[in-house]
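Let's take a walk through this structure together. Have a look at it first, and then we'll go through it piece by piece.

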Amino acid sequence: MRLTAFSDIALRVLLLTGAAPEGAKLTTRAIAEGVGAPYHHVTKTVGRLSGLGLLASSRGRTGGVSITPAGLDATVGALLRELEAGSAMVACEAPDGDCPLDHGCRLRRALADAREAFYRALDDVRVRDLVSERQVGPVLVSIGMRPPEPPGRHVADAASPID
């Protein structure tokens, strides 16, 4: 199964914002640069994810985008069901699709079952399970942010002498 470009960008946006330091807000432009997608597409994606309650977005000088607790707890299966709703796997599923074999076709049902099995396989995977500071850290640095501190380590600890 192939995901739409929109879903692909949405997953990348959630992974990037999920790995940002707690309380950090990213600009949409920085997110676009970080996920390697056009600004216009990222803007639409951020709007949709904000509408779903997965991202918090605010405008202005101190504004930006951050992931919400619901965004971290979202399952990939549920997210893809929402974002991929209405996308056709085969041409005959499209609103303007036409197939001479349409009458009594069993293929669409089999493909729908396969799509649902794909989503079910991702129902236990939460966004928080996929967030990797190691993976996203270099991207955060490239867009001008510091990667999050590893758990249990503080800046003061790094400078303390070894006993």
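The charged end of Arg 29 sits over the ring of Tyr 39, 4.0 Å from the ring's centre. For a charge to sit over a ring, NZ of Lys or CZ of Arg has to be within 6 Å of the ring centre and within 35 degrees of the ring normal. Keep in mind that this is a predicted model, where local features need pLDDT of at least 70 and side-chain atom pairs count only at pLDDT 80 or more, while totals for chains, interfaces and linings use all residues. Residues are numbered from 1 along each chain as its sequence is written, and side-chain values use heavy atoms, with hydrogens and water left out.

Now zoom out. The protein chain has nine helices and two strands (DSSP runs numbered from the N terminus: H or I with at least four residues for helices, E with at least two for strands). Along the sequence the pattern reads α-α-α-β-β-α-α-α-α-α-α. Of its 163 residues, 33% count as buried; that label means under 20% relative accessible area, with exposed being over 50% and partly exposed in between, using a 1.4 Å probe and protein chains only.

What sits inside? In general, nonpolar side chains in soluble globular proteins tend to be buried together. Here the largest nonpolar core has 30 residues, and Val 13, Leu 14, Ile 31, Val 42, Leu 49 and Leu 55 touch the most other members. Such a core is a set of buried Ala, Val, Leu, Ile, Met, Phe, Trp, Tyr and Cys residues joined through side-chain atoms within 4.5 Å. The elements giving two or more residues to this core are α1 (5-19), α2 (28-35), α3, β2 (64-67) and α5 (76-84), and α1 brings the largest share, seven residues. Take Ile 31: leaving aside neighbours within four places in sequence, Ile 31 is in contact (heavy atoms within 4.5 Å) with residues including Val 13, Val 42 and Val 65.

Helix α3 covers residues 39-51, and Lys 44 is in it. Is Lys 44 buried or exposed? Lys 44 is exposed, because its relative accessible area is 53%.

Finally, the aromatics: the whole structure holds one aromatic pair. The rings of Phe 118 and Tyr 119 have centres 5.9 Å apart and planes at 55°, so the pair is tilted. Rings of Phe, Tyr and Trp (its six-membered ring) pair if their centres lie within 6.5 Å; planes under 30 degrees apart count as stacked, over 60 as edge-to-face and the rest as tilted. Phe 118 is partly exposed at 29% relative accessibility, whereas Tyr 119 is buried at 4%.
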